[in-house]
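Subject: Structure handover

Hello,

Here is the structure I promised to pass on. My notes follow below it.

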Amino acid sequence: MFSIADHTYMTLALRLAERGLYTTQPNPRVGCVIVKNNQIVGQGAHLKAGEPHAEVFALREAGANAEGADAYVTLEPCNHHGRTPPCVDALINARVKRVVVAMQDPNPLVAGNGIKRLQAHGIEVEVGLMEAESKSLNLGFISRMTSALPYVRCKVAASLDGRTALNNGKSLWITGEPARLDVQHWRAQSCAIVTGIGTVLTDNPSMNVRLENTGRQPLRVIVDSNLQTPTDCKMLNPELLSLSPVLVAYAQDAHHKASALTATGAQLLHLPDESGRVNLHALLKNLASRDVNEVLLEAGQGLNGAFLQAGLVDEFIFYYAPKLMGADAKGMFAISELIEMQQATDLQIFDVRQIGQDIRVRAKPVKSKL
């Protein structure tokens, strides 16, 4: 059984892990706290791929005090050589007495082997303290490691009557500035932002992160079945492209624009399905192969509906503005007509809060029990 002190130190380790929320991709977010005689002697976080892991930073700070100490780690220490040496070796060499692990690493290269190695060297290991909190920090990494697919969040800004744009396509701006700033944080923690050609043609967005001191820009993806992307659209601005690549997924080059788009610096990905549209499942598989952990889907009702019907959305982020736009305005999801209530997508709401004058609702689709 874990003590109150154990919970306190693991809570601190989780807060340290949050420091890497925008920067650790494709690696997981991990924090570590070293405690000896009820005193914190070292702490650290993994902040960027290729740099030392959380355990190394914490052990460096602890120095000789690490011997006989307890180490609290939000993710099972790695036991393989990647860009950095195994953290298991660092803990063993430091002669820590006990390691408390929030969750086992889903990476098949680790997956319990780090724990076994520590135990084989006489180190006491306890697993499962605040596991849910640790998992919530690394949903994308877990998804990529266990299903070879990224974790997909679908963000929708709508009026209170569920409308996302006027019938003429105009949608700027439904929500207020605080909500739009909140979206920037979701972009910043994502590895890729996915939008559709309809949004590109109607809104001509840049789809980049516009926070101060942004050290990393996500990959930007356009789903464009017939390859209609304008070569002069904002997403293909040369300055932006140097910071954030653009991948255009298409099914057919109906307008003979492949060469022109490639010349702008865009990357093209040919992924047709049997209906002549982009194979969305194959697209997500491809993104996972590019080490994409988290995807933010920012699109119109067409692509939103396609992802929904394909069962590819892991989480919805709804921003509801205090506006009414009427029945003729565009909805959230363009899907096939439902004829029975049992066909509706059931959602589990897990977070509701007010942001400025808008309401943000986060929800997950309820998986069928059949």
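Start with aspartate 351. This residue is buried, with a relative accessible area of 14% (buried means under 20%, exposed over 50%, partly exposed in between, with a 1.4 Å probe and protein chains only). Its side chain meets that of arginine 353 in a salt bridge at 2.8 Å, N to O (a side-chain nitrogen of Lys or Arg within 4 Å of a carboxyl oxygen of Asp or Glu). Arginine 353 is partly exposed, at 43% relative accessibility.

Before going on, note that this is a predicted model: local features need pLDDT of at least 70, side-chain atom pairs count only at pLDDT 80 or more, and totals for chains, interfaces and linings use all residues. Residues are numbered from 1 along each chain as its sequence is written, and side-chain values use heavy atoms, leaving out hydrogens and water.

Salt bridges

The count comes to 15 salt bridges. Glutamate 294 and arginine 29 form one of them, at 2.7 Å, N to O. They sit 265 residues apart, glutamate 294 in strand β11 and arginine 29 in the loop between α1 and β1 (helices, H or I of at least four residues, and strands, E of at least two, are DSSP runs numbered from the N terminus). Glutamate 294 is buried at 3%, and arginine 29 is buried at 4%.

Aspartate 182 is in helix α7 and arginine 360 in strand β14, so the pair ties together parts 178 residues apart in sequence.

Sheet

There is an open sheet of nine strands, with mixed pairing (two strands pair if DSSP finds at least two bridges between them). The order is β10-β9-β8-β7-β11-β6-β12-β14-β13. β10 and β13 are at the edges with a single partner strand each, so one side of each has no neighbour in the sheet. β6 and β12 pair in the parallel sense over seven bridges.

Core

The largest nonpolar core has 33 residues (buried Ala, Val, Leu, Ile, Met, Phe, Trp, Tyr and Cys joined through side-chain atoms within 4.5 Å). Leu287 and Phe307 touch the most other members. A second, separate core of 26 residues includes Val30 and Leu91.

Record

UniProt lists Glu55 for "active site", in an unreviewed entry (such annotations may be inferred rather than shown by experiment). Glutamate 55 lies in helix α2 and is buried at 2%.

Best wishes
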